[in-house]
Amino acid sequence: MSRLPDDLAVPPYGTATLADVLPSAAAALGVPVERGDLPTDPLGLTGALGGARRVAVLLIDGLGADLVRTHADLAPTLAALSSPVGDLSAPCPSTTPVSLATLGTGLPPGAHGILGFVTAVPGEERALNHVQWGDDPDPDVWQAQRTVFQQADAAGVPATAVGPYSYAGSGLTRAVYRGATYTGAVSHGDLCALVLGSLAATPRALVYGYIPELDLTGHVRGVGSAAWRRQLAFVDRVVEELVAGLPDDAALMVTADHGMLDVPDATRFDLDQEPDLADGVRLLAGEPRARYVHAEPGAEDDVLHRWREVLGDRAWVGSREDAVVSGVFGPVDDGVAERIGDVVALARGTWALTAPRREPGPSSLIGYHGSLTATELAIPLLMARGRALG
């Protein structure tokens with residue numbers, strides 16, 4: 001078996017990951033959360049929330065914990081919030097669809113089955129891009145696990161999800177926010193008003209908000225850019241508005257789905273320029289820092305050997321079995337295992353496994369994430385409490 005190198009980490013599911021945020025928040029509201037063998041309140045937030053009757057969870061896409069610390073001067077509101085449990089870990093791969101499903105279900109990727117940005121549809125010669133997903137495959141079947149929002153609603157705690165207006169009705173929205181009333185926001189100000197209005201509307205409430213623009217700016221301009229820094233300042237202003245408007249008995253938690261790093265030209269590996277890596281491959285999925293390679297029947301071992309030999313120390317390369325046994329996805333249900341490639345390649349350092357001819361858009365970005373480096377995995381959990389909660 002090929003073991004992970006020391007510079008890549010296995011997310012500690014059930015201890016301190018994104019999967020543990022909503023279950024702990026819901027438990028603090030009295031919701032009896034079911035999540036298999038994992039603990040109900042692993043983060044111990046019942047005490048930290050101080051008896052809050054309403055809880056909002058704001059997820060800022062791409063707000064890695066390292067980035068918050070590095071740019072504390074640009075985000076004074078975020079920097080001033082308390083950190084009840086320290087950094088958490090994103091799941092594997094450290095990418096948005098996987099993380100949003102992990103947050104919404106309170107389960108590791110191997111249980112909910114959304115295992116990558118782009119994954120194969122088993123039994124079909126096609127891939128599913130989870131951010132361009134409509135109703136095929138059926139979201140209720142592709143992600144069949146009960147969400148924390150459903151469990152909250154069943155326990156009498158109204159659940160609301162506030163995100164971009166254009167995301168309403170998408171396959172991903174339906175799969176990961178099921179059980180919550182999805183309310184589309186048309187601006188940052190609208191998002192603030194909708195989150196605060198949902199908190200104030202009922203005696204108990206679980207409210208979720210999602211901000212995507214920081215991640216998009218990082219992808220296109222890089223996290224080292226002036227554009228990214230200015231966007232962070234705008235995001236901090238949104239958090240300031242939410243903190244100022246909290247009902248007295250409400251709490252706000254701020255987290256993220258992954259960190260991000262810039263990839264220089266010198267560490268971009270062009271898969272399209274390596275014809276040997278295409279031999280025996282029927283489908284290339286995943287994304288530049290977390291690749292799934294699906295082999296032709298009978299070619300799995302040859303493909304694994306070639307990818308290991310050619311990529312060398314640019315990436316950890318293992319079989320599906322290697323990846324599953326390593327625990328990076330948590331326990332993997334048999335029904336979703338084939339969504340993982342026959343070969344898995346997780347980038348090391350600042351390497352990206354691009355494919356400019358086949359994937360011109362993703363290959364032209366500056367900022368990336370998806371692998372298991374500390375920068376990509378470390379995400380914050382920050383908290384503010386209403387005046388009645390101290």
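## Pockets and rings: worked exercises

The largest pocket has a volume of about 850 Å³. This is a predicted model, where local features need pLDDT of at least 70, side-chain atom pairs count only at pLDDT 80 or more, and totals for chains, interfaces and linings use all residues. Residues are numbered from 1 along each chain as its sequence is written, and side-chain values use heavy atoms, without hydrogens and water.

**Exercise 1.** Find which residues lie nearest the centre of the largest pocket.

Solution. Start with the term: on a 1 Å grid over the protein atoms alone, a pocket is an open set of points where a 1.4 Å probe fits, with protein on both sides within 12 Å along at least five of seven lines; lining residues have an atom within 4 Å of a point. A volume is the space filled by probe spheres set on the points, which are joined across faces, edges and corners. Next, the lining: 35 residues, with Phe 117, Asn 129, Val 131, Asp 215 and His 219 nearest the centre.

**Exercise 2.** Describe the aromatic pair of Tyr 177 and Tyr 208.

Solution. Rings of Phe, Tyr and Trp (its six-membered ring) pair if their centres lie within 6.5 Å; planes under 30 degrees apart are stacked, over 60 edge-to-face, the rest tilted. The whole structure holds five aromatic pairs. Tyr 177 and Tyr 208 form a tilted one, 5.0 Å centre to centre with 45° between the planes. Then widen the view: ring pairs link Phe 149, Tyr 177, Tyr 182 and Tyr 208 into a cluster. Last, check burial (under 20% relative accessible area, 1.4 Å probe, protein chains only). Tyr 177 and Tyr 208 are both buried.

Note on methods:
Buried < 20%, exposed > 50% of the residue type's maximum accessible area, 1.4 Å probe, protein only.
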